[in-house]
Amino acid sequence: MRTLVVYESMFGNTAAVAAAMARALTPTGAVRLELADDRPDVGDAELVIVGSPTHGFALPSRLSRRAARAQGADASAASRAGIREWLAELGAVPADSAPFAAAFDVRQAPGTAGAPSHRVRRRLDSLGFRTIGEPASFRVGPTAGPLRDGELDRAAAWAAALLRAAR
């Protein structure tokens, strides 16, 4: 199955989760791992996985990225466009070839209140993607990380479950 994993990352945690998913899916077909700032085209992807960090219980914005830079985020990451902008520019997918899609976020807070992955899922639905699985949240320690123990394994397992659901 051809998979596209699109993400944005400020401190490297979301990038690590996205990469763990890509590694888990590589044996099953072609996987493209792309930064949202590169404005990747969905192209012929059969499964699209979209991941974002959580800023103030929401998708990052230009303002929150600048604030993250003040907290030690990678300076180049703070100046890039992210999932919010990529989704705003993404056009509807043709109904006859709509890929499956799922969303995840990386966050400190437990629970799902304010999880940006739910907003991403709604946007993917509105664009005609066939969303599968529940949005997932992966836990990070303090703002800059690291990821909590076992989260990369959980990310790989979640991606594998998405692939099974898409087949």
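Student: The largest cavity first. Which residues line it?
Tutor: Its lining consists of E8, S9, M10, L35, D37, R65, A77, R80, A81 and G82. Keep in mind that this is a predicted model.

Student: How many residues of that lining are nonpolar, polar and charged?
Tutor: Four are nonpolar, two are polar and four are charged.

Student: And how much space lies in the largest cavity?
Tutor: About 50 Å³. The count of cavities of 30 Å³ or more comes to one.

Student: Now the largest pocket. What is its volume?
Tutor: The largest pocket has about 360 Å³.

Student: Which residues lie nearest its centre?
Tutor: T54, H55, G56, Q108 and T143 lie nearest the centre of the largest pocket. They belong to a lining of 21 residues.

Student: Which element gives the largest share of that lining?
Tutor: Helix α2, residues 62-70, gives the largest share, with three residues. At least two residues each come from α1, α2 and β4.

Student: What classes do the lining residues of the largest pocket fall into?
Tutor: Nine are nonpolar, 11 are polar and one is charged.

Student: Let's switch to α1. Where does it run, and how far does it reach?
Tutor: Helix α1 covers residues 13-25, which is 13 residues. From first C-alpha to last, α1 reaches 19 Å. That is close to the 18 Å expected at 1.5 Å a residue.

Student: Which residues of α1 are buried?
Tutor: N13, T14, V17, A18, A19, A20, M21, A22 and L25.

Student: In a helix generally, which residues point the same way?
Tutor: Residues three or four places apart do, because an α-helix has 3.6 residues a turn.

Student: On to the rings. How many aromatic pairs are there?
Tutor: The count comes to three. One of them is F104 with F138: the ring centres are 5.9 Å apart and the planes sit at 75 degrees, so the pair is edge-to-face.

Student: Why does that pair tie together separate parts?
Tutor: Because F104 lies in strand β4 and F138 in strand β6, parts that are 34 residues apart in sequence.

Student: Are F104 and F138 buried or exposed?
Tutor: Both F104 and F138 are buried.

Student: What about F104 and W158?
Tutor: F104 and W158 are an edge-to-face pair too, at 6.2 Å centre to centre with 70 degrees between the planes. F104 is in strand β4 and W158 in helix α6, 54 residues apart. W158 is buried, as is F104.

Student: Which residues form the aromatic cluster?
Tutor: F104, F138 and W158 form one cluster.

Student: Last topic, L87. Where is it found?
Tutor: L87 is in helix α4, residues 83-89.

Student: Why does L87 count as buried?
Tutor: The cut-off for buried is under 20% relative accessible area. L87 has 4% relative accessibility, so L87 counts as buried.

Student: What is L87 in contact with, leaving aside its neighbours within four places in sequence?
Tutor: L87 is in contact with V120, R123, L124 and L127.

Student: How far apart are L87 and V120?
Tutor: In sequence, L87 and V120 are 33 residues apart. In space they are 8.0 Å apart, C-alpha to C-alpha.

Key. Residues are numbered from 1 along each chain as its sequence is written. This is a predicted model: local features need pLDDT of at least 70, side-chain atom pairs count only at pLDDT 80 or more; totals for chains, interfaces and linings use all residues. Side-chain values use heavy atoms; hydrogens and water are left out. Helices (H or I, at least four residues) and strands (E, at least two) are DSSP runs, numbered from the N terminus. The expected span of a helix is 1.5 Å times one less than its number of residues. Buried means under 20% relative accessible area, exposed over 50%, partly exposed in between (1.4 Å probe, protein chains only). On a 1 Å grid over the protein atoms alone, a cavity is a set of points where a 1.4 Å probe fits but cannot get out, and a pocket is an open set with protein on both sides within 12 Å along at least five of seven lines; lining residues have an atom within 4 Å of a point. Grid points are joined across faces, edges and corners, and a volume is the space filled by probe spheres set on the points. Ala, Val, Leu, Ile, Met, Phe, Trp, Tyr, Cys and Pro count as nonpolar, Asp, Glu, Lys and Arg as charged, and the others, Gly among them, as polar. Rings of Phe, Tyr and Trp (its six-membered ring) pair if their centres lie within 6.5 Å; planes under 30 degrees apart count as stacked, over 60 as edge-to-face and the rest as tilted. Contact means heavy atoms within 4.5 Å.
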